[in-house]
Amino acid sequence: MELLEEYIRKNGAVKEGNVLKVDSFLNHQMDVKLFAAMGREWKRLFADAPINKILTIEASGIGIACVVAEAFDVPVVFAKKAQSINIDGAVYAAKVQSFTHKRVYDVIVSKKFLSPDDHILVIDDFLANGCAVNGLLDIIEESGATLEGVGIAIEKGFQEGGKLLRERGVRLESLAIVDAMDAATGSLTFRR
Ligand code: 5GP
């Protein structure tokens, strides 16, 4: 998506450790007009899918997912990071290895909000190694809901998450794919 690539080129910063900083428009300060354009693009890309719910993960996916939910006119659910999993069986749970914080945490979704009747579009800001998305896919599988696809704002194509999802046959639509980036020069190469 040209507009998103333009934003990344103009406002993104490449940091050491394969981190792309986009906090001026994507995941700290948020450009809601850009999010609305992204929502319209995913709506176009998934026009044939019977999506009735958006699922994302706390925290940085939530803003984008809310605007996308508006474009699809469906509710949005976010998986919460949990200190400890309650064992009364009221939640679906998965373990996620955090890319940015380098630790494993549990995420939960109440059983009230996902059921076998649901057709889910997963939305997140970044795809790196795929741990966050895989956690959400585990939760969807446990709930019996149908995964319609995954929409990612920025996929880092030099990390393995996207490749693994596509190999599994997951319908993945990343709006910008960065194939290479260099912290020393700040250079970025997008997939065409
Ligand atoms: P994964 O689970 O795919 O390894 O990493 C995805 C998660 O880590 C995203 O939810 C995002 O919050 C965070 N993340 C991964 N790579 C980056 C990055 O380059 N920049 C930022 N800001 N967040 C990232």
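In the predicted model, Lys 102 is found in the loop that runs between strand β5 (91–97) and strand β6. The backbone of Lys 102 adopts a positive phi of about 55 degrees, although the residue is not a glycine. Most residues other than glycine have a negative phi, and most peptide bonds are trans. Lys 102 is exposed, with a relative accessible area of 60%. The charged end of the Lys 102 side chain sits over the ring of Phe 99, at 4.6 Å from the ring centre. Phe 99 is in turn one of the residues that lie nearest the centre of the largest pocket.

Two further backbone features were identified. Asp 73, which is not a glycine, likewise has a positive phi of about 55 degrees. Its place is in the loop between α3 and β4 (76–82). With a relative accessibility of 70%, Asp 73 counts as exposed, because the threshold for that class is over 50%. The other feature concerns a peptide bond: the one from Glu 58 to Ala 59 is cis, with omega near 5 degrees. Ala 59 belongs to the loop between β3 and α3 (61–72).

The largest pocket has a volume of about 700 Å³. Its lining comprises 32 residues, of which Ser 60, Phe 99, Thr 100, Asp 125 and Phe 126 lie nearest the centre. Two or more lining residues are contributed by each of the elements β2, β5, β7 and α4 (131–143). Strand β7 provides the largest share of the lining, namely four residues. Classified by residue type, the lining of this pocket contains 14 nonpolar, 10 polar and eight charged residues.

Strand β5 also contains Tyr 92. This tyrosine is buried, with a relative accessible area of 8%. The C-alpha atoms of Tyr 92 and Ile 139 are separated by 5.8 Å, although the two residues stand 47 residues apart along the chain.

Nine salt bridges are present in the structure. In one of them, Glu 41 is paired with Arg 44, and the closest N and O atoms are 2.8 Å apart. Both residues belong to helix α2 (residues 32–45); because they are three residues apart in that helix, about one helical turn separates them. Arg 44 is exposed, its relative accessible area being 54%.

A second salt bridge joins Arg 171 to Asp 48, with a distance of 3.0 Å between the closest N and O atoms. This pair links distant parts of the chain, 123 residues apart: Arg 171 is located in the loop between α5 (161–167) and β9 (172–181), whereas Asp 48 is located in the loop between α2 and β3 (53–57). The partners fall into separate accessibility classes. Arg 171 is partly exposed, with a relative accessible area of 30%, while Asp 48 is exposed, with a value of 60%.

A single aromatic pair is present in the structure. A pair of aromatic rings is described by the distance of the centres and the angle of the planes. For Tyr 7 and Phe 25 the ring centres are 5.2 Å apart and the planes stand at 55 degrees, so the pair is tilted. Tyr 7 is part of helix α1 (residues 2–11), and Phe 25 is part of the loop between β2 (19–21) and α2, so the pair ties together parts that are 18 residues apart in sequence. Tyr 7 is buried, as is Phe 25.

Note on methods. Residues are numbered from 1 along each chain as its sequence is written. This is a predicted model: local features need pLDDT of at least 70, side-chain atom pairs count only at pLDDT 80 or more; totals for chains, interfaces and linings use all residues. Side-chain values use heavy atoms; hydrogens and water are left out. A salt bridge is a side-chain nitrogen of Lys or Arg within 4 Å of a carboxyl oxygen of Asp or Glu. Buried means under 20% relative accessible area, exposed over 50%, partly exposed in between (1.4 Å probe, protein chains only). Rings of Phe, Tyr and Trp (its six-membered ring) pair if their centres lie within 6.5 Å; planes under 30 degrees apart count as stacked, over 60 as edge-to-face and the rest as tilted. A charge sits over a ring if NZ of Lys or CZ of Arg is within 6 Å of the ring centre and within 35 degrees of the ring normal. On a 1 Å grid over the protein atoms alone, a cavity is a set of points where a 1.4 Å probe fits but cannot get out, and a pocket is an open set with protein on both sides within 12 Å along at least five of seven lines; lining residues have an atom within 4 Å of a point. Grid points are joined across faces, edges and corners, and a volume is the space filled by probe spheres set on the points. Ala, Val, Leu, Ile, Met, Phe, Trp, Tyr, Cys and Pro count as nonpolar, Asp, Glu, Lys and Arg as charged, and the others, Gly among them, as polar.
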